[in-house]
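Colleague: Before we go through this model together, could you show me how to read its features one at a time, with the general idea ahead of the particular case?

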Amino acid sequence: MSSVRGRLNRLRRDYAPHEHRPLDGYVATMGAFGLLAGSLAAAAKLTAKPVPDRPATADIVLISIATHKLSRLIAKDAITSPLRAPFTRYAEPGGSGEINEEVRDQGSSLRHSVGELVSCPFCLAVWVATGLTSGLVFAPRLTRLAATVFTATAASDFLQMAYSLAKEAAEGDRQSDEDDRPALAQAA
């Protein structure tokens, strides 16, 4: 066992000699994902739940947008920061109700890798998509309902941002018109 740990330490030093990269934490995190995915597959087999040969296009779109929103909600939303707090440290506001956080380097490499996972919407997406896709097998009606909530929220987010941009553009045009009036009055 000490030989394996020694090899892992050498691998870690050779991989990133000037930066801390928690490779053993990543191995544990990948193992947890593999265990989760394997357990879900086994549960589907044991319960004889029908697994579709090909998911419906509507389900793929619904789950994709819901995965985007739920991943960002978990990884970036100010309200979900208590879930990330054991693994991250607040850095600064991120705009639109989001915050930026730094991964805690102190403690175990597992804590570090979990911190990277829970603060990165891209990293979290595979976990969320796995959960939602499994939900289509075990509880399709409830999963579609929950995914609809997150998809509608994502669409609302984009509409809110579009509204803000349109409002800023309109106010900028109005300000530009007001700035031009004195010049026009002087020219007349």
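Colleague: Where is the place of Ala 48?

Modeller: Ala 48 sits in the loop between H2 and H3, and, since this is a predicted model, what follows describes the prediction. The general idea is that most residues other than glycine have a negative phi. Ala 48 has a positive phi of about 55° although it is not a glycine.

Colleague: Is Ala 48 buried or exposed?

Modeller: Ala 48 has a relative accessible area of 61% and is therefore exposed, the cut-off for that word being over 50%.

Colleague: What is the phi of Ser 96, and where does Ser 96 lie?

Modeller: The phi of Ser 96 is near 50°, again a positive value in a residue other than glycine. Ser 96 belongs to the loop between strand E1 (88–95) and E2, and at 61% relative accessibility Ser 96 counts as exposed.

Colleague: How many helices and strands does the protein have, and in what order do the elements run?

Modeller: The secondary structure comprises seven helices and two strands, and from the N terminus on the elements follow the order α-α-α-α-β-β-α-α-α. With a radius of gyration of 24 Å, well over the 16 Å that the globule rule gives for 188 residues, the protein is more spread out than a compact globule. Taken along the principal axes, the box filled by the C-alpha atoms is roughly 90 × 50 × 25 Å.

Colleague: What percentage of the residues is buried, and what percentage of the contacts joins residues at least 24 apart?

Modeller: Of the 188 residues, 25% are buried. Among contacts between residues at least 6 apart in sequence, 58% join residues at least 24 apart. The accessible surface comes to about 12,600 Å², and carbon and sulfur atoms account for 63% of that area.

Colleague: How many salt bridges does a search of the whole structure find?

Modeller: The general idea is to look for a side-chain nitrogen of Lys or Arg within 4 Å of a carboxyl oxygen of Asp or Glu, and the search of the whole structure finds five such salt bridges. One of them joins the side chains of Glu 116 and Arg 21, with an N to O distance of 3.1 Å. This pair links distant parts of the chain, Glu 116 being in helix H5 (residues 109–118) and Arg 21 in the loop between helix H1 (2–15) and helix H2 (23–46), 95 residues apart. Glu 116, at 21% relative accessibility, counts as partly exposed.

Colleague: Which residue meets Lys 69 in a salt bridge?

Modeller: The side chain of Lys 69 meets that of Asp 157, at 2.5 Å from N to O. Because Lys 69 lies in helix H3 (residues 57–76) and Asp 157 in helix H7 (residues 140–187), the pair ties together parts that are 88 residues apart in sequence. Lys 69 is buried, with a relative accessible area of 12%, whereas Asp 157 is partly exposed at 27%.

Colleague: With which residue does Arg 84 form a salt bridge?

Modeller: Arg 84 pairs with Glu 101, and their closest N and O atoms are 2.5 Å apart. Here, too, distant parts of the chain are linked, with Arg 84 in helix H4 (residues 81–84) and Glu 101 in strand E2 (residues 98–103), 17 residues apart. Both Arg 84 and Glu 101 are buried.

Colleague: How far apart are the mean positions of the positive and negative charges?

Modeller: The protein has 21 positive and 20 negative charges, and their mean positions are 15 Å apart.

Definitions and conventions. Residues numbered from 1 in each chain as written. Predicted model: local features only at pLDDT ≥ 70, side-chain atom pairs only at ≥ 80, totals over all residues. Heavy atoms only, no water. Helix = DSSP H or I, 4+ residues; strand = E, 2+ residues; numbered from the N terminus. Buried < 20%, exposed > 50% of the residue type's maximum accessible area, 1.4 Å probe, protein only. Rg over C-alpha atoms; globule rule 2.2 N^0.38 Å. Contact = heavy atoms within 4.5 Å. Areas by Shrake-Rupley, 256 points an atom, 1.4 Å probe, with all protein chains shown as cover. Lys, Arg positive; Asp, Glu negative; His and termini not counted. Charge placed at Lys NZ, Arg CZ, Asp CG, Glu CD.
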